[in-house]
Amino acid sequence: MKNGLFGVINIGASAFRMQISEFVNGEQRLIEYLIKSLPLGKDTFTKGYITLETVKKSADILGGFQNKMSEYKVEKYVAVATSGLRDAVNKDFFIDYIFKKTGIQLNVLDPYEELYIRFTALMNEIENFSDVEKGGFLFANVSSGNVAIVVSFQKSIIYSEALPFGSLRLNEIFRDVDERGKVIAFRNYVDNMLAEVKRIIGKVNIKFVYFTGSTVDIIRFFFKESSTEFNINDVRHLLEKIEGLSSEEIVENYGLRRSQADILKAVLVTYSKIMKITGKNKFYITPTTFPHKLLMYFSKSYRKKSYGKYIENSLLYYGKKFEFDKNHALKVKENVRKIFNELKDIHNLPNSYLRLLEIAAITHDFGYFINPSNHEYNSYQILKSLHLPGVFERDMEVVSLVVLLHREVEVDDYKEYFPPDVDIFLIKKLVAMFRVADSLDSGHKQKIADFIVKKETDIVKVVARTVDYIFLERLSFEKKSKLFENVFGVKIELEEDPIK
Amino acid sequence: MQNNKKIAIIDLGTNSLRLQIFSLEKDQFELVDDFKEIIRLGDDIFKFGYITEDSLQNLIENLKQIKKICESKQVDKIRFIATASLRDTKNSEEIRESIIESLKLEPEIISGEKEAYFAYLAASSNFEINDSKVLITDIGGGSGEFVIVDDGKVVFSESTKLGCNRLLHEYFRNDPPLPSEIINFKNAMREFFTKRPFDRSIEHIICLGGTLNNVASIQAKTAVAQAKRVKYADRKFLKRFLRIIANNNIEKRKGIKGLEPKRADIILPASLLIDVLLDITGRSGFYTLSDGLRLGILIDTANQMGIKLSFQKNHENLKFSRVYDICKKYKGEIAHAEQVRKLSVILFNYFKGVLNLNDEFLELLEAAALLHDIGNHISYSQHHKHSYYLIINSDFIGFSNEEIEIIANIARYHRKSIPKKSHENFVALDENSQDIVKKLSALLRIADSLDRSHEQKVKNILLKERQDKFILTLMGKGDLTLEKAGVLKKKDFLEKLLNLEIEIL
């Protein structure tokens with residue numbers, strides 16, 4: 001980050017926050033931090049939309065934030081909203097209204113992007129992260145709208161879901177249940193929501209548990225304000241004490257804000273249930289706020305970004321679920337990498353697309369599990385629903401199209417699958433390279449140990465070092481290389497160079 | 001998959017040469033690879049009575065490729081079957097020896113009766129044929145097998161010369177055919193069939209063989225429907241289709257969407273034959289089973305190896321044994337699925353009168369209840385949509401494609417949104433099916449809520465009607481707060497359909 005001021009506005013489900021920081025020689029210094037309470041999520045989770053009154057109040061708050069930024073002469077800022085706005089049916093109206101009244105352009109973070117930012121923050125904020133990631137850890141973002149959980153084991157994300165039981169939402173679901181009944185209902189509901197992650201955790205050993213999200217403020221309020229380490233038994237004792245109390249009584253007895261008192265039981269149940277499935281007592285809370293994390297992320301100030309390996313490991317884990325052929329997947333990945341790198345002057349694509357081709361290589365046969373015929377379409381459907389922190393929706397669209405088209409079909413026949421802003425020629429280039437890479441291991445036996453790419457005038461020769469007679473590979477190469485010739489205007493040929 | 005066996009089935013027919021590789025694990029099998037070459041040995045056999053040297057060389061070349069594929073795929077067992085292709089050719093023995101000599105692969109030339117038996121095996125693995133009278137046909141290139149199964153027993157079986165390639169050569173000289181050729185052909189078929197017990201007591205017709213499967217594929221509109229192992233073609237469509245192919249020459253027929261060009265000629269006698277059969281039996285359509293013969297051979301091969309497949313063990317209810325297989329494949333939570341099924345049945349029986357539901361719809365609700373959560377295998381979020389997609393792409397036994405669409409839609413609406421006109425999957429259904437989906441999904445929503453904790457706490461439910469409302473009483477062990485809250489949240493759709501309030505006690 002260059003020297004200067006950077007601002008972040010975060011619209012959460014229960015409050016609006018703003019942070020302004022100054023960067024001097026790579027160091028970040030907090031200049032201003034503002035928090036205004038406004039339970040946007042209460043509207044969204046009960047009515048499904050944000051009332052006009054709340055829209056107007058939001059504009060007032062954001063107008064105030066805008067003035068503050070003008071005072072400080074902040075030139076660069078981002079304004080992001082999470083589930084409180086994301087799940088409201090009238091979010092477009094809200095965004096438009098705010099822009100007209102304040103000039104602030106809001107971006108709605110999708111839950112997995114939010115999780116990715118928080119995950120990146122964790123990697124950077126935990127001092128001994130390299131030790132932590134070697135074993136198993138659970139990371140939960142408990143906010144008002146959602147609870148997003150990531151389970152990582154040996155540098156591989158084996159579970160990642162944003163589940164709809166944030167504290168405010170939970171409270172709203174059981175609004176009509178009496179105080180004592182509420183805790184029972186929360187417990188059962190949360191158990192149900194955690195059933196799948198519980199199954200997955202059963203297979204690994206979780207060593208560390210981290211919590212983030214707006215609810216950590218409540219935990220800090222009751223326990224050690226300045227600490228990052230907590231014990232779940234304290235949380236359980238507190239829950240026993242307040243179980244029968246009304247929100248008014250909680251405010252009176254403990255001095256908590258009313259909006260926080262309303263969700264206290266849901267928060268405590270959620271924490272204790274999540275801890276129960278991990279079998280641990282100790283849990284940690286990262287010391288910084290979400291606006292701070294956003295600020296560091298959007299100003300590109302986080303140093304540790306080596307996330308690529310996580311994605312690959314995680315995809316390999318998902319592959320097991322679909323009983324994929326790992327050796328084939330990795331071979332195609334190796335092949336596509338080589339083809340992409342060797343033919344840069346032919347395809348002229350930026351390196352970022354290589355990563356997408358590699359993801360396609362690992363996942364292209366996942367759909368076989370559903371049905372071998374039509375498997376490319378099944379893989380496409382699976383990929384459309386795969387959420388991994390760090391692979392954004394837009395990237396996944398490109399990957400899923402490559403996967404859909406990886407067999408010998410006419411790309412132009414599949415136009416209906418293309419989102420309006422995706423460049424068809426770009427997809428054709430990626431598919432053309434992918435098909436060649438896939439054909440080189442079409443027998444799934446890794447008979448081509450290695451290959452070199454020779455570029456001559458109007459012809460590319462793939463010279464394959466073969467360990468066995470290649471029959472299927474040759475047959476498939478002939479069929480699958482046609483698109484390559486059409487797209488790049490050069491012939492591509494396969495030559496054999498057997499390893500004696 | 002581990003501990004599985006790979007079995008290659010090579011099927012040399014008069015029309016095509018097929019290789020299918022199946023993976024066999026415990027008592028389940030799955031098709032993993034499929035290769036096909038249309039070689040049309042029948043053209044020689046019906047013209048000259050024997051296979052010519054050129055065709056033999058072509059066959060051996062193709063078999064070499066197939067053998068290489070088998071080696072490359074490391075199959076555990078190869079079973080090579082030849083049907084009328086080698087059975088009916090004068091130089092059968094010579095061809096057999098040439099194949100053995102050049103390939104070290106011995107074809108098993110099977111009798112027509114054995115072929116009919118394989119057809120029966122295949123049909124019994126994909127249809128409920130134990131409680132009705134079913135005619136199974138396998139119209140190949142050189143022969144046609146006919147089997148009648150009545151209440152699960154084979155009561156008639158015959159291998160005939162009615163292969164579509166042979167019929168084409170015998171009856172049709174002109175392209176497009178002359179009306180007189182069509183009339184002659186139909187009369188000959190009618191005469192042939194009426195001498196056999198093919199009458200109106202036949203309840204269903206199941207056709208194996210690629211050509212009639214192609215007819216059903218043309219009627220199926222979507223790629224998903226075309227990929228199904230079991231398809232249905234109705235007679236209205238067949239009539240329209242026959243008008244088109246009878247009035248166009250072979251070249252023009254190749255332009256018909258979905259028609260396999262190499263079948264453009266033989267599709268005419270095959271379609272006419274089945275039309276006559278439908279007429280005689282009074283049926284309004286026929287089922288097709290793709291890969292039928294090879295499936296039969298696979299089942300027979302597994303049985304020879306001492307393996308009984310899951311459908312052979314569970315004759316009681318084939319339909320639901322497959323539903324359970326699908327549920328298990330996607331690691332479904334069986335206890336919850338069964339509980340939701342049980343509660344769905346109670347709700348159905350209580351409300352069927354008010355909602356005007358026929359008893360036959362209950363099975364659709366039960367299947368949806370068992371499968372509603374399978375989408376979790378893909379991802380929890382949006383799992384109702386994944387369940388829809390997985391159900392649509394699964395091979396069922398005994399449910400028609402329309403019924404599978406309904407089951408998938410019921411599962412789709414077990415949570416979140418109720419059916420809407422803006423949903424593609426819902427508007428694709430006809431009005432009647434939409435009505436069934438609405439009613440049955442409204443019941444499933446309640447049944448699923450009644451096991452919200454997934455702990456099967458509700459042991460029974462009681463329903464009573466009071467003047468202006470229904471009273472639903474939950475009976476069970478432990479705390480039922482979650483179940484009650486669940487029903488409160490999901491009951492509105494059923495209330496809307498009933499136009500009455502539901503109160504929970």
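Is A:Y317 buried, exposed or partly exposed, and how many other C-beta atoms lie within 10 Å?

Guide: The model is a predicted one, and what follows describes that prediction. A:Y317 is partly exposed, because 16 other C-beta atoms lie within 10 Å, and a residue needs 20 or more to be buried and 12 or fewer to be exposed. The residue belongs to helix α15 of chain A. Leaving aside residues up to four places away in sequence, A:Y317 touches A:S156 and A:I158. A:V391 is 74 residues from A:Y317 along the chain, and the C-alpha atoms of the two are separated by 16 Å.

From α15 the view passes to a helix that packs against it. The buried residues of α16(A) pack against α15 (308-321) of chain A, and also against α18 (352-363), α21 (424-439) and β12 (448-456) of that chain. Among these buried residues are A:H328, A:A329, A:V332, A:I339 and A:F340. The list also includes A:K331, A:K333 and A:N335. Helix α16 of chain A covers residues 326-342, and its 17 residues should span 24 Å at 1.5 Å a residue. The C-alpha atoms at its ends are 24 Å apart, which agrees with that figure.

Elsewhere in chain A, strand β1 (residues 4-11) is largely enclosed by the rest of the structure, because six of its eight residues are buried. Two strands pair with β1(A). Strand β2 (residues 15-24) of chain A runs antiparallel to β1(A), and eight bridges join them. Three residues lie between β1(A) and β2(A), and the two strands form a hairpin. Within this pairing, A:G7 stands opposite A:I20 of β2(A). With strand β4 (residues 76-81) of chain A, β1(A) pairs in the parallel sense, over six bridges. There A:I9 has A:A79 of β4(A) as its bridge partner. In a regular strand the side chains alternate between the two faces of the sheet.

Chain B has an open sheet of five strands, in the order β3-β2-β1-β4-β5, with mixed pairing. Its edge strands are β3 and β5 (108-109) of chain B, each of which pairs on one side only. Two bridges link β5(B) to strand β4 (residues 77-82) of chain B, in the parallel sense. B:I81 has B:E108 in β5(B) as its bridge partner. Helix α13 (residues 292-304) of chain B packs on this sheet and touches β1 (5-12), β2 (16-25), β3 and β4 of chain B. The direction of that helix makes about 135 degrees with that of β1(B).

The two chains also meet: 26 residues of chain B are in contact with 29 residues of chain A. On the side of chain B that touches chain A, β3 (28-38), α2 (53-72), α9 (223-227), α18 (383-392) and α22 (481-490) of chain B each supply at least two residues. The residues of this side of chain B divide into 13 nonpolar, 10 polar and three charged.

Next comes the nonpolar interior. In soluble globular proteins, nonpolar side chains tend to be buried together. The largest nonpolar core here has 283 residues, and those that touch the most other members are A:V402, B:A368, B:I407, B:I410 and B:L443. Helix α13 (residues 258-278) of chain A gives the largest share of this core, 11 residues. Taking B:L443 as an example, and not counting residues up to four places away in sequence, this residue touches B:S344, B:L347, B:F348, B:F351, B:L365 and B:L494.

A few backbone details in chain B remain. Most residues other than glycine have a negative phi, and most peptide bonds are trans. A cis peptide bond joins B:D175 and B:P176, with omega about -5 degrees. B:P176 sits in the loop between α6 (164-171) and α7 (179-194) of chain B. B:K416 has a positive phi, near 55 degrees, and is not a glycine. Its place is the loop between α19 (401-412) and α20 (424-427) of chain B, and B:K416 counts as exposed, with 11 C-beta neighbours inside 10 Å. B:Q456, also a residue other than glycine, has a positive phi near 50 degrees. B:Q456 is found in the loop between α21 (431-449) and β12 (458-466) of chain B. With 17 C-beta neighbours inside 10 Å, B:Q456 counts as partly exposed.

Conventions
Residues are numbered from 1 along each chain as its sequence is written. Chains are lettered from A and ligands numbered from 1 in the order in which they are written. This is a predicted model: local features need pLDDT of at least 70, side-chain atom pairs count only at pLDDT 80 or more; totals for chains, interfaces and linings use all residues. Helices (H or I, at least four residues) and strands (E, at least two) are DSSP runs, numbered from the N terminus. The expected span of a helix is 1.5 Å times one less than its number of residues. Two residues are in contact if their C-beta atoms, placed from the backbone, lie within 7 Å. Ala, Val, Leu, Ile, Met, Phe, Trp, Tyr, Cys and Pro count as nonpolar, Asp, Glu, Lys and Arg as charged, and the others, Gly among them, as polar. Two strands pair if DSSP finds at least two bridges between them. A nonpolar core is a set of buried Ala, Val, Leu, Ile, Met, Phe, Trp, Tyr and Cys residues joined through C-beta atoms within 7 Å. Axes are lines fitted to C-alpha atoms, for helices over the stretch in contact, and angles run from 0 to 180 degrees between N-to-C directions.
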